[in-house]
Amino acid sequence: MSQARTNLAILGLQWGDEGKGKVVDLLSPRFRQVVRFQGGNNAGHTVVVDGQSIALHQVPSGALHPGCFLVVGNGVVLNLEVFQQELDRLKARGFDLAGRLLLSDKAHLILPHHIALDLWREARADKLGSKIGTTGRGIGPAYEMKASRMGIRLGDLRHPEVLADRIRPGFEEVRLRLGDREGLPTLQAIVDGALKTAEPFLPFIGDAQGHLLAAWERGDSILFEGAQATLLDIDHGTYPYVTSSSCSLGGLFTGTGLPPKALDKVLGIAKAYTTRVGAGPFPAELLDATGDRLREAGREFGTTTGRPRRCGWFDAPITAHACRTNGVDGLAIMKLDVLDGLDEVGLVVGYRTGEGGVTTRLPSCAAEWADLKPEVKRFKGWASTRGFTDHRQLPPQAQAYLEALSEAVEVPIAYLSTGPDRTEGCVYPGTFLETLLG
Ligand code: GDP
Ligand code: IMO
Ligand code: MG
């Protein structure tokens, strides 16, 4: 086995949308295999090339590099109709994935009744005051069906004669809840739709675990692209305001079938501030003009749903928790330029509790978050960092801010992003990332 290659995981450290897509696109030319291992089309990863923006939902962000083989692992839930639209959009822009795409036969399908259940439940929750603010893509129900042994794997599509029998139990449970309301197709329509959509994909469905084990054995370099982020992780996030997959490191192994030994390094991705879409705790949130300014300057509107993202200062306790959970080797700090031009920049270093003390510990239940108020350390602002490609040239105020941020989460910075384009940013000298990029 080759010792030269470094297999790398890219993981979100906040509540998603940190800029994982940009980093994966940037690093992909150094890797042979680019792998998604969890999530579905709730993800929206934006890649910007020459001012042109491409949003990817289920296709790994290595798609733009012809040398990358793209793998969708068993931990992913897939909406094949949306996948087809993504492939068509990529093809129209000159990116053909034929011959370099493999979808795990153990990955699960998102079906129309999963989406109907997601929407029905959220509409009901709105009245009960328990809305999660999901993306409405059927992600939760698809993972529920998987866990309750009523899910449909891509491999099942090879057996059209039994597909209706496989789908029926889950479909009937959804029908019991929703009744025969409009918006829920018939079982036959779901089966026919699945078979029709699946047809062009059949040649791409196969043994992704075997493929990855063989790639690892022969020393291919492998890049793992996380979707969502640690604070949205079903176990380690701000439950119940989370997604339904394991977005932190553990999910990489269950979601591919590779052993931990196959991974060498973890790059954690975080914005220089914090955002969140949907409901749930967010102590650092700014509900004032500064929050609005971050949203406008950072174009913080969802890639998948277009919803405005909630914005706030960088939250060190949540990010430190994510670093510990994932064993992060280095940070990629994104969107520093969005903070340009502010008089003051805040950094949440802890939370003041109801009893008057300061803690950096994260509560395990939603009710306890409500009492926490952010303890903010303030830094002098700076004029501009946009497009900087050498961190030593940054304004001293920006350098001081980044040093304090890195100290607060106890992980060194390996990459800094100063604009959406591939060219805007820099790798820190002396870090594992510099060695990797050689
Ligand atoms: P992901 O889900 O983690 O891949 O992140 P998204 O693509 O949903 O959101 C990140 C957004 O920020 C995208 O629109 C990127 O093009 C953009 N972006 C990434 N890095 C930077 C940066 O350094 N500066 C600015 N201004 N935008 C960035
Ligand atoms: P990327 O990969 C930001 C959020 C939703 C909601 C919660 C549950 O682009 O970072 P779901 O539809 O998954 O059941 O919704 O999770 N969410 C995301 N927020 N970025 C994402 O993905 C997200 N995927 C899901 O807003 O709060
Ligand atoms: Mg996103």
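Student: Which side-chain atom lies 2.6 Å from an oxygen atom of ligand 2?

Tutor: A polar contact is a pair of N or O atoms within 3.5 Å; within protein, one must be able to donate a hydrogen and the other to accept it, and residues adjacent in sequence count only if both atoms are side-chain atoms. Here, an N or O atom in the side chain of Thr135 lies 2.6 Å from an oxygen atom of ligand 2. The side chain of Asn42 has an N or O atom 2.9 Å from an oxygen atom of ligand 2, and Gln228 places a backbone N or O atom 2.9 Å from an oxygen of this ligand.

Student: How much of the accessible area of ligand 2 does the protein cover?

Tutor: Accessible areas come from the Shrake-Rupley method with a 1.4 Å probe; for residues, only the protein chains shown count as cover. On its own, ligand 2 has 550 Å² of accessible area, and the protein covers 98% of that.

Student: On what kind of model do these values rest?

Tutor: This is a predicted model, in which local features need pLDDT of at least 70, side-chain atom pairs count only at pLDDT 80 or more, and totals for chains, interfaces and linings use all residues. Residues are numbered from 1 along each chain as its sequence is written, chains are lettered from A and ligands numbered from 1 in the order in which they are written, and side-chain values use heavy atoms, with hydrogens and water left out.

Student: How many residues surround ligand 2, and of which classes are they?

Tutor: A residue is near a molecule if one of its heavy atoms lies within 4 Å of it. For ligand 2 there are 20 such residues, with Asp17, Lys20, His45, Thr135 and Thr243 the closest. As for classes, Ala, Val, Leu, Ile, Met, Phe, Trp, Tyr, Cys and Pro count as nonpolar, Asp, Glu, Lys and Arg as charged, and the others, Gly among them, as polar. The shell of ligand 2 holds seven nonpolar, ten polar and three charged residues.

Student: What is the corresponding picture for ligand 1?

Tutor: Ligand 1 is surrounded by 20 residues, the closest being Lys20, Gly44, Thr46, Asp337 and Ser417. By class, four are nonpolar, nine polar and seven charged. A backbone N or O atom of Gly21 is 2.8 Å from an oxygen atom of ligand 1, while an N or O atom in the side chain of Arg309 is 3.4 Å from an oxygen atom of the ligand. The protein covers 91% of the 590 Å² of accessible area that ligand 1 has on its own.
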